[in-house]
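Here is my note for you, as a colleague reading along. Please keep the sequence and the 3D view open while you go through the points.

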Amino acid sequence: MEPRIYLDNAATSWPKPEAVYEAVDHYQRNLGAPNGRSGYREAVEANRIVERARLGIARLIGATAPKEVIFTASGTDSLNMAIQGIVRPGDHVVTTVCDHNSVLRPLTALKETANVSVTYVPCDSQGFVSPEDVQKALRPETSLVAVIHGSNVTGAIQPVAEIGAAVNNHPALLLVDAAQTLGHFPIDVDALGIDLLAAPGHKGLMGPLGTGILYICPGVEEKLLPFRLGGTGTRSEEDRQPEMLPDKYEPGNHNLPGLAGLAAAVDWLESQSVEQIHAHLATLTVRLLKGLKAIPGVEIAGPPTEARRTSVVSFRIVGYDPQEVASALEATHGVQGRPGLHCAPRMHEALQTLDGGGTMRLSPGWFTTVEDIDRTCEAIATLAMVATH
Ligand SMILES: Cc1ncc(COP(=O)(O)O)c(C=O)c1O
């Protein structure tokens, strides 16, 4: 079997830093206690771990206080919490054709059940949305603008600061899906004018699957209804969900093995620095784009250069179904990526790649090497040669 070249970091990052595995193992073997419920030694230690992760993420995104960071089960969970907690019957929501099904599907459900209307802002041929189009879509009854930061199909980075400025004079809240950027790009929620920031803990943050975060700007908690209710270990004499953060949005026992891993991952991220990670990914992206452009029969979907993009790269080989490309790349060279629609059907419609099975997506991560990229380009070149002869 070919050695594994994992280029599916847009789905979940792998491998994780060694410290993440050690932290999960340490929690499972030596602590095994819930946090926020009891005062014995291991429970106190569990509490410290959760609060260390919260503090680290707050620092990373420029939140003013750790309690503004809520732990969730995934990026999807965070987006549902934001959308279903803000949008009320009869409201209008603005989103974009670049957004993921974890935004599109909750919105469609609200259209069908709560008389909510949705505007899907278009993008240009490279996958970029214009802030003017977002502004023009606003209506008096718009309560939410939900925008993806980095596309999980094209890698295009949307102009979130400009969109934030455009939404600033309107009462609508700005929700940003940072699933593909948090940990890879510096994000400052204040500078970008973000009210709600949703992200998984298991992609760029390098934590385990089963973790996610939702940042809530101070004041937004007055409008954001809790998505699930239950015990918090605080105000237990009351039937009502406590109003204080983070308890309002974190009922039930936490995913402590996951959060132990996430705490270690965030420590690791801080020690590497997001800037350094970004620089490494940019080097890999330049090389991958250059390699792909040199192969006859390969068509890149999305920004053709490294400017304003992440390391997510989608392409097609003329004459091949993306599923065939994925199978052949793994079988011949051990290259693992993701073919298909990537849970973003409107994005593929806009790129005109919906028919024909979407695209093949490659997404390098921190542990990807230049040699991995070169080997991947060789594999694609060999495949494309077969198709064009
Ligand atoms: C842009 C985008 N948003 C949301 C999600 C959902 O994140 P999760 O897989 O953690 O539910 C993903 C993951 O694929 C994504 O790429």
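The points below cover strands first, then aromatic rings.

1. Ground rules. This is a predicted model, where local features need pLDDT of at least 70, side-chain atom pairs count only at pLDDT 80 or more, and totals for chains, interfaces and linings use all residues. Residues are numbered from 1 along each chain as its sequence is written, and side-chain values use heavy atoms, leaving out hydrogens and water.

2. Strand S3. Find residues 92-96. Strands (E, at least two residues) and helices (H or I, at least four) are DSSP runs, numbered from the N terminus. Five of the five residues of S3 are buried, so the strand is largely enclosed by the rest of the structure. Buried means under 20% relative accessible area; exposed is over 50%, and partly exposed lies in between (1.4 Å probe, protein chains only). His-92, Val-94 and Thr-96 cover one side of S3, Val-93 and Thr-95 the other.

3. Partners of S3. Two strands pair if DSSP finds at least two bridges between them. S3 pairs in parallel with S4 (residues 117-121) over five bridges. There, Thr-96 has Val-121 as its bridge partner. S3 also pairs in parallel with S5 (residues 142-148), over three bridges. Here Val-94 meets Val-145.

4. A β-α-β unit. S3, helix H4 (residues 101-114) and S4 make a right-handed unit. Right-handed means that, with the strands pointing away from the viewer, the path from the first strand over the helix to the second runs clockwise.

5. Strand S8. Residues 212-216 make up S8, and five of its five residues are buried. Gly-212, Leu-214 and Ile-216 point one way, Ile-213 and Tyr-215 the other. S2 (residues 69-72) runs antiparallel to S8, joined by four bridges. Thr-72 stands opposite Gly-212. S7 (residues 196-200) is also antiparallel to S8, with five bridges. Leu-197 stands opposite Tyr-215.

6. Aromatic pairs. Rings of Phe, Tyr and Trp (its six-membered ring) pair if their centres lie within 6.5 Å; planes under 30 degrees apart are stacked, over 60 edge-to-face, the rest tilted. The count comes to three pairs. Tyr-6 and Trp-14 have centres 5.7 Å apart and planes at 75 degrees, so they are edge-to-face. Tyr-6 is buried at 12% relative accessibility, while Trp-14 is partly exposed at 37%. Trp-268 and Trp-366 are edge-to-face too, 6.0 Å centre to centre. That pair links parts of the chain 98 residues apart. Ring pairs join Trp-268, Trp-366 and Phe-367 into a cluster.
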